[in-house]
Amino acid sequence: MTQPKTPSGVAPGMAPRADLWKPVLLRSAVALVFGAVTIFWAAPSVEVMGWSGGLYLLSTGLLLLWGIRASGFAKESVPGKLHSSAGSVLAGAGAALLLLHGDLLFGVIAALGLAVAGALELFCGLKFRGRHVLARDWIASGIIGLGTAAILPFFVSLGAHALLGVAGGGAIISGVLWALAGLTIRHDARSNAGTP
């Protein structure tokens, strides 16, 4: 989804730093590992659901906060504030899931965390479309987060395996998206570093 951009193709002040690919690829890895856990764990308990889902949301939130610095945004800028808020919401939801275990709690807390973070990412992507290298990826990630959040509460009555399946499905889709984005940014950073 991420389109290669040369420094001249990016609006002033919006060019990502060369190390932006690191938090993007780490976010992808976290999502893909969580997705794999949800696929291969045949009969997860409520505790496994709480711990794995909590670690996933907490890690993703912390990586969003780290990504603010790597993106070159100031914390006071609009995208900095949006991603700081999204990261804080996900980290808070993750911490809550680590401490509180239950099907209904997981369905509600994870859905709220994903919905708020997804809405913030979608807004940021729409606002900075064409002006930031990750804008399209923020749009797609926001839609995936909102979709996962909308579906998740309908699976509360089916238990931990179903809830993890829905959350893991969204994580796998977003993990693949962020892997492509991170690899593209890394490739572009190397290409730009090699040109005079």
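**Figure 1. Leu158, an exposed loop residue.** With a relative accessible area of 56%, Leu158 is exposed, because exposed here means over 50%. Look for Leu158 in the loop between H5 and helix H6 (160-194). Do keep in mind, here and in the views that follow, that this is a predicted model.

**Figure 2. The salt bridge between Glu121 and Arg27.** The structure holds one salt bridge, and here we zoom in on its two partners. Glu121 pairs with Arg27, and the closest N and O atoms are 2.8 Å apart. Glu121 belongs to helix H4 (residues 103-127) and Arg27 to helix H1, so the pair ties together parts that are 94 residues apart in sequence. Are the two partners buried or exposed? Glu121 counts as buried at 3% relative accessibility, and Arg27 is buried too, with a relative accessible area of 12%.

Figure 3. Ser141 lies in helix H5 (residues 135-151). Its relative accessible area is 6%, so Ser141 is buried, the cut-off being under 20%. Which residues does Ser141 touch, leaving aside its neighbours within four places in sequence? The contacts are Arg27, Glu121, Leu177 and Trp178.

Figure 4. Helix H1 (residues 21-40) has 20 residues and reaches 28 Å from its first C-alpha to its last, close to the 28 Å expected at 1.5 Å a residue. The buried residues of H1 are Pro23, Val24, Arg27, Ser28, Ala31, Phe34, Gly35 and Thr38. Seen down the helix axis, these buried residues fall within an arc of 140°, so they line one face of H1. On the face of H1 turned away from the buried side, you will find the exposed residues Val33 and Phe40.

**Figure 5. Stepping back to the whole protein.** The protein has six helices and zero strands, following the pattern α-α-α-α-α-α along the sequence. Of its 196 residues, 47% are buried. Among contacts with a separation of 6 or more, 78% join residues 24 or more positions apart. The protein exposes about 9,100 Å², with carbon and sulfur atoms supplying 71% of it.

Notes:
Residues numbered from 1 in each chain as written. Predicted model: local features only at pLDDT ≥ 70, side-chain atom pairs only at ≥ 80, totals over all residues. Heavy atoms only, no water. Helix = DSSP H or I, 4+ residues; strand = E, 2+ residues; numbered from the N terminus. Buried < 20%, exposed > 50% of the residue type's maximum accessible area, 1.4 Å probe, protein only. Contact = heavy atoms within 4.5 Å. Expected span 1.5 Å × (residues − 1). Arc of directions from axis to C-beta. Salt bridge = Lys/Arg side-chain N within 4 Å of Asp/Glu carboxyl O. Areas by Shrake-Rupley, 256 points an atom, 1.4 Å probe, with all protein chains shown as cover.
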